[in-house]
Amino acid sequence: MTDQYSEVRGKGRDGAVLAWILYILSIPSANLLVLAGLVVAYACRGSATGLAAQHIEAQIRLFWSVFWITIVLWGLIAVSAVASFLLIGIPFLLLFGLLLLLVSVWFTVKSVLGLLALLNDRPA
């Protein structure tokens with residue numbers, strides 16, 4: 001029975017757990033640990049099987065989707081900062097700054113939910 005259970009969990013579970021934890025710690029570390037989590041996810045990607053492999057793929061997808069959203073928001077913040085000299089960009093600057101904060105919080109919440117799902121042997 002334990003062999004079937006470990007087959008469902010798959011190899012690489014420890015790496016997936018570590019990557020989720022590093023993702024969760026991204027806000028207190030000014031997003032430095034998220035890069036470490038991405039490196040762990042990529043390092044475990046080739047050897048992971050089963051549920052762990054699915055979680056690692058979800059971690060990589062989550063990182064890159066949030067990365068591109070963040071790049072777009074920083075671009076909009078830059079345009080709004082320039083436009084704020086004309087006093088028309090200030091509301092947009094505040095809006096895009098708030099959206100950037102919400103994306104960070106969303107990333108952390110998704111990471112917590114992913115870790116809980118992995119610990120309960122559920123898909124990401």
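Reader: Is Arg45 buried, partly exposed or exposed?

Author: This is a predicted model. A residue counts as buried under 20% relative accessible area and as exposed over 50%, with partly exposed in between. Arg45 has a relative accessibility of 36%, so Arg45 is partly exposed.

Reader: With which residue does Arg45 form a salt bridge?

Author: Side chains of opposite charge can pair when their charged atoms come close. Here the partner of Arg45 is Glu57, and their closest N and O atoms are 2.8 Å apart. Glu57 is partly exposed, at 29% relative accessible area.

Reader: How many salt bridges does the structure hold?

Author: It holds two. Besides the pair of Arg45 and Glu57, there is a salt bridge between Arg13 and Asp121, where the closest N and O atoms are 3.9 Å apart.

Reader: Which parts does the pair of Arg13 and Asp121 tie together?

Author: Arg13 lies in helix α2 (residues 13-24), while Asp121 is in the segment after α5 (90-119), so the pair joins parts that are 108 residues apart in sequence. Arg13 has a relative accessible area of 16% and is buried. Asp121, at 22%, is partly exposed.

Reader: How should I read a pocket, and what is the volume of the largest pocket?

Author: Rolling a probe the size of a water molecule over the atoms shows where empty space is left. In this structure the largest pocket holds about 300 Å³. Its lining has 14 residues, and those closest to the centre are Asn31, Val34, Val66, Phe67 and Thr70. Helices α3, α4 and α5 each give two or more residues to this lining. The most come from α4, which gives six.

Reader: How many residues in the lining of the largest pocket are nonpolar, polar and charged?

Author: The lining has 10 nonpolar and four polar residues, and no charged ones.

Reader: Which residues line the second largest pocket?

Author: This pocket has a volume of about 160 Å³. Its lining is made of Trp20, Ala58, Arg61, Leu62, Lys110, Leu113, Gly114, Ala117 and Ala124. The elements that give two or more of these residues are α4 and α5. The largest share, four residues, is from α5. By class, six of the lining residues are nonpolar, one is polar and two are charged.

Reader: Which residues have the most contacts inside the largest nonpolar core?

Author: A nonpolar core is read as a set of buried nonpolar residues joined through their side chains. The largest one here has 26 residues, and Trp20, Tyr23, Ile56, Leu62 and Phe107 have the most contacts inside it. Two or more of the core residues come from each of α2, α3, α4 and α5. Helix α4 gives the largest share, eight residues.

Reader: Is Gln59 buried or exposed?

Author: Gln59, in helix α4, has a relative accessible area of 0% and is buried. Not counting residues up to four places away in sequence, Gln59 touches Ala16, Ala19, Trp20, Tyr23 and Ala41.

Terms used. Residues are numbered from 1 along each chain as its sequence is written. This is a predicted model: local features need pLDDT of at least 70, side-chain atom pairs count only at pLDDT 80 or more; totals for chains, interfaces and linings use all residues. Side-chain values use heavy atoms; hydrogens and water are left out. A salt bridge is a side-chain nitrogen of Lys or Arg within 4 Å of a carboxyl oxygen of Asp or Glu. Buried means under 20% relative accessible area, exposed over 50%, partly exposed in between (1.4 Å probe, protein chains only). On a 1 Å grid over the protein atoms alone, a cavity is a set of points where a 1.4 Å probe fits but cannot get out, and a pocket is an open set with protein on both sides within 12 Å along at least five of seven lines; lining residues have an atom within 4 Å of a point. Grid points are joined across faces, edges and corners, and a volume is the space filled by probe spheres set on the points. Ala, Val, Leu, Ile, Met, Phe, Trp, Tyr, Cys and Pro count as nonpolar, Asp, Glu, Lys and Arg as charged, and the others, Gly among them, as polar. Contact means heavy atoms within 4.5 Å. A nonpolar core is a set of buried Ala, Val, Leu, Ile, Met, Phe, Trp, Tyr and Cys residues joined through side-chain atoms within 4.5 Å.
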